[in-house]
Amino acid sequence: MNHTEASLDALRLTGDELADATVAELFERGEVGTFNTLMRYVSTAGAPLPDGLPAVAREYLQATSLPPAWVDWGEMEKARLFFIDNNVHISTALSFASMPACYVVPNVAKLLSTTHSLKYPSKRMAETGQFTVYLMQPDAFEAGSRFIPAAQKVRLLHASIRHHLKREDRWDTEALGTPICQEDLVGGQMFFSLLVLDSLHRLGIHMSTEGAEAYYYAWRVVGAMLGIDQEAVPKTLDEARQFLDLYMVRHMGPSDEGAELTRQLIDLYEEIVPGTFFDPIVSALIRYLVGDTCADWLQVPRTPWDTVVKAVPHLLGVLETIEDRSPLGAWALDRLGHLTAVFELSSLTRGRVMHYAIPEQLKKDFGLSNTVPRTRRWTPPPATVR
C-alpha cells in the first residue's frame, strides 16, 4: 500500500496492544522483577516455561511463539544465503548508516536519549547485531533457536518504554504521538532493510534482485514478530521506498540528542579500530553513507578521509568481481567477511550474551553457497520525492 500523511498520522497514535497490555498488567501486579528473573532462563524456542512465571506473561509468550502463517520459507532461505554472502557488508551498513539514520529522526533520538539503557550505543549495537545473527541461523524458527525468545523480549522492552514514558509523564504524546509508535516501528524496519540495501549499493556490492527482495522479506517477517501492523508495512521494495521517503520528509532534521548519540557512536567505533591513524575513517564512512545534509545535522566531523573513502566502492567492486569469477576467491572472501563480522560482534558484546529485560524504571540520564544467481543486479527503487 502507498501511505499518505493521514495514514501515517494514524500510525503515530498506535502502539502494540498485546505487548502493552501484558506489560501494564505485570506492573500493576508487581510481577516485573519475577518475570525478569525467570526469563533469563528462557533463551531458546520450545523450552518449557519456568514455574512461577506470571500468568499474563505465560499467555503472551504462548501467543507469540510462532512465526506468522504467511511466511514463505523459500524466501527466508534465500535471505539467509544473502546474509551469509554479504554479512560483513550488512554489518557495516547497519553500523554506519542504519544507526545514524535513527538519530536523524529527532523524535527517535529524543526517545533513545531518554532511555538510559539505550543511550549507550555499544549495548544497542550489540543487541542489534546479536538479534540479526539469531535471525539468519538455519534453525531461527525451530525448537532450540534463540531468535523467537529474543523477538518476544524486544517487543516487551518496547512496550515497557511506552509504559514508563507515559506513566512518568515524560513524553508529550499529543505533540509527538505514542512512544515507539507504529509509524516509527515501520520506519525502523525500513532503516534495517531498505537503507541497508541502499548502502550496499552505494558501497558497490553486487546484489541480485532475488537476494535484495529476500533480505527485505526477512525483515517483514521480523516486523511481524515485533508486533508491527502488517496492514501498514510496505510489501515491495518500491512501496518501501515510497514509505521511507515520506517518513523522512515528515520527521528528519537536526537535534541535540541526535548529535550527542552520533558522537557516542563515533567514539565507540574509534575504540574498536586499532590505533588512532584510521579513526577518521569512521566519520568519513558515516558521512559517505548518510550524505552531507544528514551528516551535518548529526555534526559528523569533516576529515581528509572524506575524499579517500569515496574510493571504497571501487576497491569493493574489484573484490566483488573476483568473487563473481572465482569460486576459490568467493570462498576466501566469504570466510574473511565472516571472520570480520564475528570480530565486530565480539568486540561489541565482549563475549557476553545480551539479555533483553523489562526495565523496572527509566533512569535519568549461516551452509556457504552462491546459489543465488548474480544476474539481474539489484538497483534501488528511485526516490519518490524530488
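Colleague: Which residue lies over the face of Tyr-288?

Modeller: Arg-202 does, at 4.2 Å from the ring centre. A charge sits over a ring if NZ of Lys or CZ of Arg is within 6 Å of the ring centre and within 35 degrees of the ring normal. The model is predicted, so local features need pLDDT of at least 70, side-chain atom pairs count only at pLDDT 80 or more, and totals for chains, interfaces and linings use all residues. Residues are numbered from 1 along each chain as its sequence is written, and side-chain values use heavy atoms, with hydrogens and water left out.

Colleague: Why is the pair of Trp-73 and Phe-141 called edge-to-face?

Modeller: Rings of Phe, Tyr and Trp (its six-membered ring) pair if their centres lie within 6.5 Å; planes under 30 degrees apart count as stacked, over 60 as edge-to-face and the rest as tilted. The structure holds 9 aromatic pairs. In this one the centres are 5.3 Å apart and the planes stand at 65°, so Trp-73 and Phe-141 are edge-to-face.

Colleague: Why is the pair of Phe-192 and Trp-219 called stacked?

Modeller: Their planes are at 20° and their ring centres 5.7 Å apart, so this pair is stacked.
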